Every structure is written in structure tokens, then in C-alpha cells.
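Thanks for coming, everyone. Please have the structure open as I talk.

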Amino acid sequence: MPQLRTAIHRNLRGGLLRMGAEAGTITGQKPDAKAGRYRRLNDFRMEHIMLGGAEVSASGGVPPTGLPRWRQQVQYALGHTLNDFYSLQPEVRRETPVQFLLERRWPPKGSAFPSLMHYWDVKQAVADELMRIVAGNHTEEIPVMRFEQWHVPVRELEIELAVIFQLAWNSEQKGRSLNIQKFMVHGNEEVITGFLHMANVFCHEAYGEPAETIGIYSLLDGRRHLFDGAGIPLRQSLDYVRLLSVFLEREEYAEGCMKYGNRRNERDESIVRGYGLM
């Protein structure tokens, strides 16, 4: 798996769909009949590969995403908490402590965490950072995307690009489309790079213009990565996604029956795909 990631980065150095809707119904462009036959490239599969998930799942004793079970559980709780919080109207959000919502979703103490001390340390760190983020995060706005998978045909690459946007907000800047936010328990440079390029291609294909910002939050270390959408070259992103689609196709073929025949693996992947792997 490291060879795939290295190859992608080495090579790179040198009509909107939502839940099955046709592009023309949203963007005003004529639907492309061929788009429905394109192979879909999912961002959660990108994360799976970048984190070495396909490699470790073959070993048997490791979760199929390649991540410790506690991080999967915390990511799931984080995603649900943010979804609960931003489902509320702005005036209600101001009166709702996000830590109360997190408490409802937090996984129970169990064998997933290495120790009881680790359990409490992670819980406190995530709660503190989450409170800090939401205190000044679009406090008067309603998100236009909230934990939804959107997909768009990329005709140049002959793929359908599917991306889960945890939170996205309308941009008020002319010539820009969205302010996109992604939340991770712990950041991973390769996943961040992959998401940036996929989101950049999506925005150009769906809206004809780049995102205003793409913000990625890493809660355990308190880091925020903020990118100007116009600063990410579209050609570079297209090249990245093209190479990524080839590598993912090879990996999916190699996994074969192992992925689709193991029901536990399917359940685990279905659980995390809506809220991200990190």
C-alpha cells in the first residue's frame, strides 16, 4: 500500500448529482446519459486505501478500515454529534451545549480503548476542541450540506466522483461555491491531500467554480488546516483523481471476494462511511 501512495505523489509532482438525482435537475445542464454508466469513485474508499485498510484487512485481526476500533467509535460519535448540533436552528444552537450532545453519542468504556486513562483523555480532548470549534463556527448560518454524500460525473475522467461533505456552507464571495469543513479525530496528511483534490474537482464540475475555503479539523491535536479553494490547481486535482481511480480499481479487484464476501467487513464499512474514517 505505501507503494501506491508513493506512486500517486510521485506522479503528481511532475452537472451535480445528489442521492441519485440527475445533474441537469440542479445545475440546469442537460443530463448526460453516459454519466449513469461511469464507475463511481468514493472518497471513503480513498481514505481506506490511504490508511492501508486493504492491506491490513487481509491479516484477519485488524478492523477493515485499518484504524484502531476506538478511533472508529470516536469518529462515529463525533459525526453524529456534529450532525445533531447543526440540525438545530442557529438560535437553538446558541442555547445548546455541544458537550451534552457529545455525551449522548460517546462510546461506552470498553475493550476498544487501550486503558481507562486513554478513554478519559480522548474524551476530554475531543470535547474541549469541539466546544472551541463550534463557538465561532458559522453561528448565524444553516449549512447547505450536512453529512450527505454528493456525486457528480467527471466526463474527462469517465468516472462518477462521490464525496461525503460533513458540513458545507454557501459562499458569499463572487466566483466561489462553498466553504467546506471536514472533521477528523486525528489528521492524516495523505487523506487530507486526497480529500482536497477530490473536493476541488467536485466543486469545479458541480458549480463551475472553486470552493472558497476547505477547512480540515484534527480534534485530538487541535490543528486546523485551511486552504483557499482557488489556490488548488484544477489540472493537478484532475491528475490526482485520475491516478487515484486507477489505483483504487486495482485494489478493489485485488480485494475481490474478501471485501464483498465478509459480512462483518461490509457492516463496519457501512457504519463509518457516512462520518469519515478518521
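Let's start with a pair of helices. Helix α3 passes helix α9 in a right-handed crossing. Who makes the contact? From α3, the residues are Asp43, Met46, Glu47 and Met50. From α9, they are Glu190, Val191, Gly194, Phe195 and Met198. Sort the α3–α9 contact by class and you get 5 nonpolar, 1 polar and 3 charged residues.

One reminder before I go on: this is a predicted model.

Now the geometry of that pair. α3 covers residues 43-50, and α9 covers residues 189-207. Their axes come within 9 Å and cross at roughly 155°. Angles over 145 degrees count as roughly antiparallel, so α3 is roughly antiparallel to α9.

Is His197 buried or exposed? His197 counts as buried, because its relative accessibility is 7% and the cut-off for buried is under 20%. What does His197 touch, beyond residues up to four places away in sequence? The list is Ile232, Gln236, Ser237, Tyr240 and Val241.

Next, helix α8. α8 runs over residues 116-135, which is 20 residues. From first C-alpha to last, α8 reaches 29 Å. That is close to the 28 Å expected at 1.5 Å a residue.

Which residues of α8 are buried? They are Tyr119, Val122, Lys123, Val126, Ala127, Glu129, Leu130, Ile133 and Val134. Note that Lys123 and Glu129 are on that list. The cover over the buried residues of α8 includes two helices, α5 (69-86) and α7 (98-105). It also includes two strands, β5 (178-184) and β6 (213-218).

Let's take α5 from that cover. The axes of α5 and α8 come within 12 Å and cross at roughly 30°. Under 35 degrees counts as roughly parallel, so α5 is roughly parallel to α8. The crossing of α5 past α8 is right-handed. On the α5 side, the contact uses Trp70, Val74, Leu78, Thr81, Leu82, Phe85 and Tyr86. On the α8 side, it uses His118, Val122, Val126, Leu130 and Val134. By class, that α5–α8 contact has 10 nonpolar residues, 2 polar ones and no charged ones.

Now two backbone points. His138 is in the loop between α8 and β3 (145-154). Phi of His138 is near 50°, a positive value in a residue other than glycine. Phe147 also has a positive phi, about 55°, and is not a glycine. Where is Phe147? Phe147 lies in strand β3. Phe147 is buried, because its relative accessible area is 13%, and under 20% is buried.

Last stop: Gly229. Gly229 is in the loop between β7 (223-228) and α10 (234-255). Gly229 counts as buried, because its relative accessibility is 1%. Which residues does Gly229 contact, leaving aside neighbours within four places in sequence? They are Arg176, Asn200, Pro210, Ala211, Glu212 and Thr213. Look at Glu212 in particular. Glu212 and Gly229 are 17 residues apart along the chain. Their C-alpha atoms are separated by 5.1 Å.

To recap the two helix pairs: α3 is roughly antiparallel to α9, and α5 is roughly parallel to α8. That's my tour. Questions, please.

Note on methods. Residues are numbered from 1 along each chain as its sequence is written. This is a predicted model: local features need pLDDT of at least 70, side-chain atom pairs count only at pLDDT 80 or more; totals for chains, interfaces and linings use all residues. Side-chain values use heavy atoms; hydrogens and water are left out. Helices (H or I, at least four residues) and strands (E, at least two) are DSSP runs, numbered from the N terminus. Buried means under 20% relative accessible area, exposed over 50%, partly exposed in between (1.4 Å probe, protein chains only). Contact means heavy atoms within 4.5 Å. The expected span of a helix is 1.5 Å times one less than its number of residues. Axes are lines fitted to C-alpha atoms, for helices over the stretch in contact, and angles run from 0 to 180 degrees between N-to-C directions. Angles under 35 degrees count as roughly parallel, over 145 as roughly antiparallel, 65 to 115 as roughly perpendicular and the rest as oblique. A crossing is left-handed if the near helix is turned anticlockwise from the far one by less than a right angle, and right-handed if clockwise. Ala, Val, Leu, Ile, Met, Phe, Trp, Tyr, Cys and Pro count as nonpolar, Asp, Glu, Lys and Arg as charged, and the others, Gly among them, as polar.
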